[in-house]
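This report describes a single protein chain for a reader who has the sequence and the coordinates at hand. Please consult the display below while reading.

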Amino acid sequence: MDDKTAANAVDQFTELAKCLTVRELKILVSIAKEYERACKKHPAWPSDKIHAAAIVQEECGELIRASLQQVYEDGSYNELRKEAIQTGAMCLRFISHLSEY
């Protein structure tokens with residue numbers, strides 16, 4: 001990404017941030033950090049949308065499992081939040097590769 005494109009993206013995010021709560025901004029930061037961690041841990045990403053979507057679906061399944069566990073098995077709020085953040089990160093990763101499929 002060139003400097004002008006990066007500056008434009010930062011400007012757009014700054015404008016968006018004005019309408020978000022501090023809580024929502026912290027969530028976005030958590031998702032971005034998870035995205036970065038996942039990209040370092042698993043640098044390879046599928047080159048086709050079916051396998052990429054399957055990764056997103058896997059995270060969604062883990063989020064549903066954590067939701068069920070919290071409701072029916074005295075599961076952890078922190079586990080539920082962690083799975084939601086991981087799902088968001090994989091959605092971001094999927095969307096960021098859309099032009100490659």
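## The largest pocket

The largest pocket holds about 240 Å³ of space. A pocket here is an open set of points on a 1 Å grid over the protein atoms alone, with protein on both sides within 12 Å along at least five of seven lines, whereas a cavity is a set of points where a 1.4 Å probe fits but cannot get out; lining residues have an atom within 4 Å of a point. Grid points are joined across faces, edges and corners, and the volume is the space filled by probe spheres set on the points.

The lining consists of Glu-34, Arg-37, Ala-38, His-42, Ala-44, Trp-45, Ile-55, Glu-58, Glu-59, Gln-86, Met-90 and Arg-93. Helix 2 (22-41), helix 3 and helix 4 (77-96) are the elements that each give two or more residues to this lining. Sorted by class, the lining has five nonpolar, two polar and five charged residues. In this scheme Ala, Val, Leu, Ile, Met, Phe, Trp, Tyr, Cys and Pro are nonpolar, Asp, Glu, Lys and Arg are charged, and the others, Gly among them, are polar.

## Basis of the model

The model is predicted: local features need pLDDT of at least 70, side-chain atom pairs count only at pLDDT 80 or more, and totals for chains, interfaces and linings use all residues. Residues are numbered from 1 along each chain as its sequence is written, and side-chain values use heavy atoms, with hydrogens and water left out.

## Overall architecture

The protein chain has four helices and zero strands, and from the N terminus its elements follow the order α-α-α-α. Helices (H or I, at least four residues) and strands (E, at least two) are DSSP runs, numbered from the N terminus. The C-alpha trace spans about 50 × 35 × 20 Å along its principal axes.

Of the 101 residues in the chain, 22% count as buried. Buried means under 20% relative accessible area, exposed means over 50%, and partly exposed lies in between (1.4 Å probe, protein chains only). Of the contacts (heavy atoms within 4.5 Å) between residues at least 6 apart in sequence, 68% join residues at least 24 apart.

## Salt bridges

The count comes to five salt bridges, each being a side-chain nitrogen of Lys or Arg within 4 Å of a carboxyl oxygen of Asp or Glu. One of them joins the side chains of Lys-18 and Glu-15, with an N to O distance of 2.7 Å. Lys-18 is exposed, at 61% relative accessible area.

Glu-79, Lys-82 and Glu-83 are linked in a network of salt bridges. Between Glu-79 and Lys-82 the closest N and O atoms are 3.4 Å apart; these two residues both lie in helix 4, three residues apart, about one turn of the helix. Between Lys-82 and Glu-83 the corresponding distance is 4.0 Å. Glu-79 is partly exposed at 27% relative accessible area, Lys-82 is partly exposed at 37%, and Glu-83 is buried at 3%.

Glu-62 belongs to helix 3. This residue is buried yet has no salt bridge, and the nearest side chain of opposite charge, Arg-65, is 5.1 Å away. For charge, Lys and Arg count as positive and Asp and Glu as negative, while His and the chain ends are not counted. Leaving aside residues up to four places away in sequence, Glu-62 touches Glu-83 and Gln-86. Glu-83 is also part of the salt-bridge network described above, and Gln-86 is among the residues lining the largest pocket.

## Other positions of note

Leu-68 lies in helix 3 (residues 49-72) and is partly exposed, with 44% relative accessible area. Leu-68 and Ala-52 are 16 residues apart in sequence, and their C-alpha atoms are 25 Å apart in space. In helix 2, Lys-40 is exposed at 63% relative accessible area.

Asp-74 is located in the loop between helix 3 and helix 4. Its phi is positive, about 60°, although Asp-74 is not a glycine. Asp-74 counts as exposed, at 74% relative accessibility.
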